[in-house]
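Today I opened a new structure and kept notes as I went.

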Amino acid sequence: AVNSPSVKEIEEFKYLINYNYTPNFISLYNYSAESWPNASTKAEAWKDYMSNFIGFSGDFTLSSSATWYNGFVSLDDKFVFSPSYQEHFHISEKFYPTDAARNQVKLSDYMARKFDITNTNTLKFRPFVLNDVWSESYIAWNTQFRLIRTEFVGTASAPVWKYHTVEGTEKAIPVHNIAAAAIYRSNDLYSNLALVSQLPPLLPKYSVNFSAAIPHFTAKIETGFAVRSREDPTWNFLPFVEEISVNALNNKLSIAQSYKYLPDSHRHDYLNFSASYGGLSFKYSKLYTTGFKFDDIAGWKSDGEEKFRSFQGVLSYKNPAKTYFWWGNRIGFAPSLSTGIVWDFLRPPMSYFTFSPACHFRINEFIEIRFASEHRNDVIFRYFQDALGTGPHIPGETNLWQDLIDSFNFAEYNKRKMSGFKLKSLSLEMNHNLHDWDIKSKFKIEPRLLTEKGITRYDYSPYISVSVVWKPMSAMRSHIVDEYGSIKLNP
């Protein structure tokens, strides 16, 4: 039997035009964590802010697309107008006592102000548009012009902006190339061989990219060659990059591998391998880098020898998401757990273990509560140091299970203190549904090691945030954050 060729209706011409504007407005008040507790009243505390500023930005996009004969020829054109304005209306002389400090804030405002316009064009030919399997193949001419580019060239006392128009430079024309691709697509096979040639004023560059896919398997390679620089016109090979991925068992099992080789340096750059099944995953990586050696006085020091060596291994588990419901699905409870071991092959004593349980509780269309904790062990190397026979020696309990038991030994403080298993953080998040509004809050306490005036101490200040969000327009929100003692309004 011979399959009859498919019949396609030819559309001689189609033209589309579209515009889009995404505005952004921000208002920010910065307060000092030191002066806030010392204020006589809360009203005075709100008035005594370090600075306040507003910012406006947004992209106005005008795009058009013209297509002849089902895409045999197409022209895509896009203009993007990107204005940006930022200004601090008040800079407190109390918190910024010097002219240099205040001028630095002003300079950040001036450098953020933009008035840029960019034009992007693509002229594409698809010579096999009527062929069922080769129809996506194309030849394209791609350009991008920065019609107006803003550069701040002034000072804090005399602000001046320079507006560059199109010039024959790489800054004004960041994209200019000819690309061709032979694309084959059928039910069980996909392949794409793409060639790209960079055109002036950009430096000569030729790259090739090949990708292929069959059921449960994908592969990709890329390489090329280019002129090194304008000062050095010699040609050099671009890095050779290879990627492979395999999935099976209804995507429950996945294996991926990536590799990069630098031909000019005649060396491997990296090798990554990963495999996962269900919630269990394993990752291994090698890098071309220097190693480390431990000095009893100076600590870890580079050995000064660059070579391709094992870098990191990760074994992790995350339980599949599952929610238990009661009372006609009105009440839901979802426990979760993620844990992992990260092994540092360069500095084995820096390896660590994490354990993060969480509980998510919700009452339908009323409230959601999530409680989570993070536990960490930064000395797992000491459980294996005798077997590995490498240093430096880490003192403490070398039996893993005994050390875990000691972490719950509330009768003996020293054993609990010396245990490697530590509670790192506790967090509580709540989301209250008010129909058109959401009230969201987060409380997190996490010990932080701080050094102030040469004194090292642990800080237990919590992180607290409260926000009110209008659902029809999520960008319209009021947000107050107490970031470890620093109060911020709409950060």
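Which ring does the charged end of Arg-376 sit over? I found the charged end of Arg-376 over the ring of Tyr-352, 3.8 Å from its centre. A charge sits over a ring here if NZ of Lys or CZ of Arg is within 6 Å of the ring centre and within 35 degrees of the ring normal. I noted another such case: the charged end of Lys-124 is over the ring of Tyr-138, 4.7 Å from the centre.

A word on my ground rules. This is a predicted model, in which local features need pLDDT of at least 70 and side-chain atom pairs count only at pLDDT 80 or more, while totals for chains, interfaces and linings use all residues. Residues are numbered from 1 along each chain as its sequence is written, and side-chain values use heavy atoms, with hydrogens and water left out.

**Overall build**

I looked up the elements and found five helices and 27 strands in the chain. These are DSSP runs, numbered from the N terminus: helices are H or I with at least four residues, strands are E with at least two. The radius of gyration is 30 Å, well over the 23 Å that the globule rule gives for 491 residues, so the chain is more spread out than a compact globule. That radius is taken over C-alpha atoms, and the rule is 2.2 Å times the number of residues to the power 0.38. Along its principal axes, the C-alpha trace spans about 80 × 65 × 65 Å. Of the 491 residues, 26% count as buried. Buried means under 20% relative accessible area, exposed over 50%, and partly exposed in between (1.4 Å probe, protein chains only).

**Aromatic pairs**

Next I turned to the rings. Rings of Phe, Tyr and Trp (its six-membered ring) pair if their centres lie within 6.5 Å; planes under 30 degrees apart are stacked, over 60 edge-to-face, and the rest tilted. I get 19 aromatic pairs this way. In one of them, the centres of Phe-115 and Tyr-163 are 6.4 Å apart with planes at 85°, so I wrote down edge-to-face. Phe-115 lies in strand β4 (residues 114-125) and Tyr-163 in strand β6 (residues 161-164), so this pair ties together parts 48 residues apart in sequence. Phe-115 is partly exposed at 38% relative accessibility, and Tyr-163 is partly exposed at 47%.

The rings of Tyr-206 and Phe-225 have centres 5.5 Å apart and planes at 40°, so that pair is tilted.
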